[in-house]
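Visitor: I am new to this structure and would like to learn how to read it. Where do we begin?

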Amino acid sequence: MREYRQYIGGQWVGPDRLFDDLDPYRGTVVARVPAGTRADAARAVDAAAAAFPEWADLPPAEKQTLFLRAADIVERRTGEITALLAAETGCAGGFAGFQILTATRLLRQAANWGYLPAGEIIRSDIPGTFAMALRRPLGVVAGISPWNGAHVLAWRTVVNPLAFGNTVVLKPSEEAPVSAGLLVAEILDEAGFPPGTVNVVTHAPGEAVPVADEFFDRPEVRCINFTGSSATGRILAERAGRALKRCVLELGGYNPLIVLADADLDYAVEAAAFAAFFHSGQICMNARKVLVERPVYDAFVGRLAARAQTLRAGDPADPGTVIGPLISPAALDRVAREVDEAVAVGAKVLVGGSADGPCYQPTVLTDVPEGARIHSEETFGPVLVAQPVDDADEAVAIANATRYGLSAGLITGDNQRGFALARRIDAGVVHVNDQTIADEPQLPLGGVKDSGWGRSGPHSMADFTELQWITTRDGTGTYPI
Ligand code: ADP
């Protein structure tokens, strides 16, 4: 059994207290991981602050070499990362492959961001004055990452700020401290990133707050970069407001998939099954509700139910498995409770509706009344609500009637009409003739409303840099007093 240490200032260091990192499928211990404290976070912030000036000034070509090397290492370690994601997070092979591919693409693209235009020249009205707005990094960015897309989201948390010249302290989720944290540190260390540019502080379950306290109290930390639930995002945004720090938030969603009557139904069923059940519904972009035009509703839900029954639940390390376990017994209980509550107030179970060992069966619910939580709140399990609509206008109105706005999909035989409808949907991302889950590092993933603030990829330059107005004047001219 491997015992880990934390990565601070380029060193693998204590503390002595460790906790068990559990396999959600078997319940066995995957690794023993440091139960870090506020003092560890303080040392990590010190290291990141000390590394900042040198990293900020490192020429783009040198940064490029490091990012490209890290991508090669991720690729070389694919087998090991896939096995770890299965053991630590219950992630089946399909989603592990997606995470690794997206991470390597992100690293390779970020290798070039040092060459993006670093500002603008803007005309001044004052004679003899040359004015510009220059981009400069913020300083230390504190990253807080989740367990669900553990590996790819950890890379996103680190790479976006790092590529624009910031240094980082990463606090991974206690549910995935290795794949969402310590493994990233190992790879960056092997790639040769200077000590302190990225530091990883892990902590035991329930002990995130003291680590976060250090982030909020330290003036060197200029931004909190968070991916996780909207509930935690709200707490962090309130604290960031009090501390006058920036925060970038990628939060939950209640993502609609709209199927219009002119859609190719076989394609729509495949898209819906993927959107609802990929990674057992534990991705922020999973579809939570499918809105289907009435003439094709019965045919669509019938075929979807049949398709759901073909998805095999079981050991995530088995290549034939589609539905792995939920992340913890508590998560399984929560999903089961929410389905049961919906059924108690009148929802019908078309397929699924119960646990299968540590997994939850792919489930489609119909007739879900407004009073059920699942009607308008994220479940974080393989549960899809199906609802008929009279027309596209009603579908758009229902799609917009939630507090979230992350991702939406819209399936129609008429792309032109789909594009016009997409423009009316309040979401950060809309895919026409596609489903809700996608991530390409060059595209601006992010939400509106309670789904978050900020965008990933090259567009995150706005989030992870400040504009500095600099003028140079030729020393002529007069002042009015
Ligand atoms: P989930 O409920 O799915 O675990 P969270 O949003 O609670 O999602 O967790 C995402 C990340 O936020 C994890 O790294 C977790 O440790 C961290 N976290 C949870 N609560 C807090 C908090 N109050 N302050 C700082 N970090 C937190």
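Predicted model: local features only at pLDDT ≥ 70, side-chain atom pairs only at ≥ 80, totals over all residues.

Visitor: How many helices and strands does the chain have?

Guide: There are 14 helices and 23 strands.

Visitor: What radius of gyration does the chain have, and what would a compact globule have?

Guide: A compact globule of 481 residues would have a radius of gyration near 23 Å; the chain has 24 Å, which agrees. Along the principal axes, the C-alpha trace spans about 75 × 60 × 40 Å.

Visitor: What share of the residues is buried?

Guide: A residue counts as buried when its relative accessible area is under 20%. Of the 481 residues, 56% are buried. The accessible surface of the chain is about 19,400 Å², and carbon and sulfur atoms make up 54% of that. As for contacts with a separation of 6 or more, 73% join residues 24 or more positions apart.

Visitor: Is K171 buried or exposed?

Guide: K171 lies in strand 9 (residues 167–171). Its relative accessible area is 4%, so K171 counts as buried. Beyond its neighbours within four places in sequence, K171 is in contact with several residues, among them G143, S145, H203 and F215. K171 and L182, eleven residues apart in sequence, are 9.7 Å apart in space, C-alpha to C-alpha.

Visitor: Which value of phi does L244 have, and where is L244 found?

Guide: Phi of L244 is near 50°, a positive value in a residue other than glycine. L244 sits in the loop between helix 8 (230–243) and strand 12 (246–250). With 68% relative accessibility, L244 counts as exposed.

Visitor: And what about D367?

Guide: D367 is not a glycine, but has a positive phi of about 55°. D367 belongs to the loop between strand 18 (363–366) and strand 19 (383–389). With a relative accessible area of 47%, D367 is partly exposed.

Key:
Residues numbered from 1 in each chain as written. Heavy atoms only, no water. Helix = DSSP H or I, 4+ residues; strand = E, 2+ residues; numbered from the N terminus. Rg over C-alpha atoms; globule rule 2.2 N^0.38 Å. Buried < 20%, exposed > 50% of the residue type's maximum accessible area, 1.4 Å probe, protein only. Contact = heavy atoms within 4.5 Å. Areas by Shrake-Rupley, 256 points an atom, 1.4 Å probe, with all protein chains shown as cover.
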